[in-house]
Amino acid sequence: MSVRVGIIGGTGYTGGELARLLVGHPRAEIAWVTSRSRAGWPVSSLHPNLRGFTDLKFVAPDDVEPVDVAFLCLPHGQTAGNIERYTQLAERVVDLSSDFRLSDAELYEATYGEPHPAPAWLDRFAYGLPEVYRDRIRGSKLVSGVGCNATAVNLALLPLARAGVIERVVADVKVGSSESGAEPSGSSHHPERSHAVRTFAPTTHRHEAEIRQALGDFDLHFTGTAIELVRGVLATCHVFVNRDLTDRDLWGMYRDAYAAEPFVRVVKERRGLYRFPEPKIVAGTNFADVSFVAEEGSRRVVTMCAIDNLGKGAAGSAVQSMNLMCGLEETDGLLFPGLHPV
Ligand SMILES: NC(=O)c1ccc[n+]([C@@H]2O[C@H](COP(=O)([O-])OP(=O)(O)OC[C@H]3O[C@@H](n4cnc5c(N)ncnc54)[C@H](OP(=O)(O)O)[C@@H]3O)[C@@H](O)[C@H]2O)c1
């Protein structure tokens, strides 16, 4: 049995990454990929890494037949108004945008500055972070993606949140350029973006709301900085905890939280270059590498998480959710170990 899938918004970066993962998936088959601007063009003309892997051509969004699973890869605000139509197209839907991540309409309005266009649908979506919501995703027909920055912060903090030790967090998040999508802008223009170390969000970021929703309402401060990377997010979280903790205590918490997780690796080596998580090591994968260090003589714990924003931060997690929703092996199509050197 093969799951037939469709990708809405397939010329973009998350759509391309989904197509890459799905052409190698043992139990899924891509039925169509949509584009308004490139209908009729080969999918591989926009995603040249797929040459020889698919003969599919982009089709117009109105020109598609029903499938088992539809992935929605549209810019923020473009999904919610059409959600009825998308749910008629597919029995199961995974929406990668931020339209259905928050389950509360007031919180959505406070976060995004406008009323939600389809508030009745909000609590029908499971938040697609399997490490927290695996059972809900399994039983759900509608799953939202997780913000890529939120994924990195969520996974850096989850064991401490579960242990109830967080008093305050300063999450310093460094991001690659593909995070802002394929649509060019002034800030993505090569002479401006290349070699940047540019703080774009010194305080507050929309993803704070979904992090609090997933982990609990602690004191959270976010800073976002664009750095010289195409793929990748590194979250470095300065966590001020409510009791004395040692590395040994933290090993216990991180092992308990992640020993059975197929895509979270605790990385804390004594030797070598790669002693802590680094985005380039997880580029192209669905892995989240996490780590922690307790600062001696203080109650600061530094936790880290590296992901590929297009992988575990978007398309990888979306396929992981599809696997859970459809009763497939959770790791199907996702066990690429990455590249080294890269
Ligand atoms: N990039 C990341 O790292 C990342 C990570 C996590 C989540 N996300 C979220 O995932 C979503 C997609 O991100 P992306 O980076 O892939 O964006 P993108 O590169 O800008 O691609 C957007 C796609 O949507 C299509 N599109 C735009 N407006 C549309 C509409 N009204 N109806 C139908 N199709 C439309 C575009 O193609 P046509 O114009 O040809 O139709 C394009 O294929 C966003 O909501 C983003 O916030 C992105």
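Let's start at the ligand: α1 gives the largest share of the shell around the ligand, three residues. Helices (H or I, at least four residues) and strands (E, at least two) are DSSP runs, numbered from the N terminus. This is a predicted model, in which local features need pLDDT of at least 70, side-chain atom pairs count only at pLDDT 80 or more, and totals for chains, interfaces and linings use all residues. Residue numbers run from 1 along each chain as its sequence is written.

**Around the ligand**
- There are 31 residues around the ligand, and Gly9, Gly12, Ser97, Gly181 and Ala182 come nearest (near means a C-beta atom, placed from the backbone, within 6 Å).
- Two or more residues of the shell come from each of α1 (13-23) and α11 (311-325).
- Domain 1 (3-124) and domain 2 (148-309) each supply at least three residues to the shell, with bounds from an automatic or database domain assignment.
- Sorted by class, the shell holds 10 nonpolar, 17 polar and four charged residues; Ala, Val, Leu, Ile, Met, Phe, Trp, Tyr, Cys and Pro count as nonpolar, Asp, Glu, Lys and Arg as charged, and the others, Gly among them, as polar.

**The chain as a whole**
- You will find 11 helices and 13 strands in the chain.
- The C-alpha trace spans about 65 × 45 × 45 Å along its principal axes.
- Of the chain's 342 residues, 49% count as buried, meaning that 20 or more other C-beta atoms, placed from the backbone, lie within 10 Å of a residue's own.

Conventions
A residue is buried if 20 or more other C-beta atoms lie within 10 Å of its own, exposed if 12 or fewer, and partly exposed in between; C-beta atoms are placed from the backbone.
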